[in-house]
Amino acid sequence: MLLKLDLYKAFDKLSWNYIHKMLLAFGFNATWTRWVMNLITSPSFSVLLNGSPSSPFRPSRGIRQGDPLSPFIFVLMAEGLSRLLKSVVSSQALKGISLHGHAPQTHQQFVDDTMLFGHPSSKEASIFKSLLSLFSDASGTSINASKSQLFFFNSPPTTQRNIARILGFSISHLPSKYLGAPLSDSAIKHASWRSLLDKLESKLSS
């Protein structure tokens, strides 16, 4: 099974305490970490009400959209989920998906886009739910269950419904898209790439 996760306002909800502890855990120098945290925690906001700005107030969490530092920070923070998954796989609690005899794969991440891979069972789904809850509590982020999706391959309908009930995700069907690229359970035809190629051509033409 595949779990296509949607994080609810991922950049806006990231815990500053989590960021600070993760940077230190990665071994960054305490002084450098303090500089980065000063950049993250420095913004203030004011609300315009009938054309008049309110008194400035400071946020207590989140990183700024559009800030060139933010994607790099979020990649490091998402690594917390990655290492959590790897530790559970090493304990053999999670099976993941193993292709052609290679090591089990449990996830694919690109900034705030995350895809999880697992054995289609209620036990595996429960473990994923527990791990995602643990990551959410630590990082301050939350899973948007209404936009997250489940994909299955040759799994009994009863199993699919049980897993969907445990995770609270909707069941979707392939073909779909991930990071703008076609995602399919069969050979991808040239026509499937057309929309992506058209976008690339329009960008290059300018």
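Helices here are DSSP runs of H or I with at least four residues, strands are E runs of at least two, and both are numbered from the N terminus. The model is predicted.

**Stop one: Trp193.** Select Trp193, in the loop that links β9 (181-183) to α7 (194-205). With Trp193 they make a nonpolar surface patch of about 390 Å².

**Stop two: the sheet.** Show the strands next. Five of them form an open sheet in the order β4-β5-β1-β6-β7, and the pairing is mixed. The edges belong to β4 and β7 (170-171); each has a single partner strand, so one side of each lacks a neighbour in the sheet.

**Stop three: helix α4.** Select residues 70-90. This is α4, which packs on the sheet and touches β4 and β5. The direction of α4 makes about 170° with that of β4.

**Stop four: the hairpin.** Select β4 (residues 107-110) and β5 (residues 113-117). The two strands run antiparallel and are joined by four bridges. Phe110 stands opposite Asp113 in β5. Which residue in the turn has a positive phi? Go to Val111, where phi is about 55°. Two residues lie between the strands of this hairpin.

**Stop five: β1.** Move to residues 2-5. This is strand β1, paired with β5 in the antiparallel sense over four bridges. Finish on Leu3, which stands opposite Leu116 in β5.

Methods:
Residues are numbered from 1 along each chain as its sequence is written. This is a predicted model: local features need pLDDT of at least 70, side-chain atom pairs count only at pLDDT 80 or more; totals for chains, interfaces and linings use all residues. Side-chain values use heavy atoms; hydrogens and water are left out. Patches are made of residues with over 30% relative accessible area and no salt bridge: like charges are joined within 9 Å, nonpolar side chains (Val, Leu, Ile, Met, Phe, Trp, Tyr) within 5 Å. Accessible areas come from the Shrake-Rupley method with a 1.4 Å probe; for residues, only the protein chains shown count as cover. A salt bridge is a side-chain nitrogen of Lys or Arg within 4 Å of a carboxyl oxygen of Asp or Glu. Two strands pair if DSSP finds at least two bridges between them. Contact means heavy atoms within 4.5 Å. Axes are lines fitted to C-alpha atoms, for helices over the stretch in contact, and angles run from 0 to 180 degrees between N-to-C directions.
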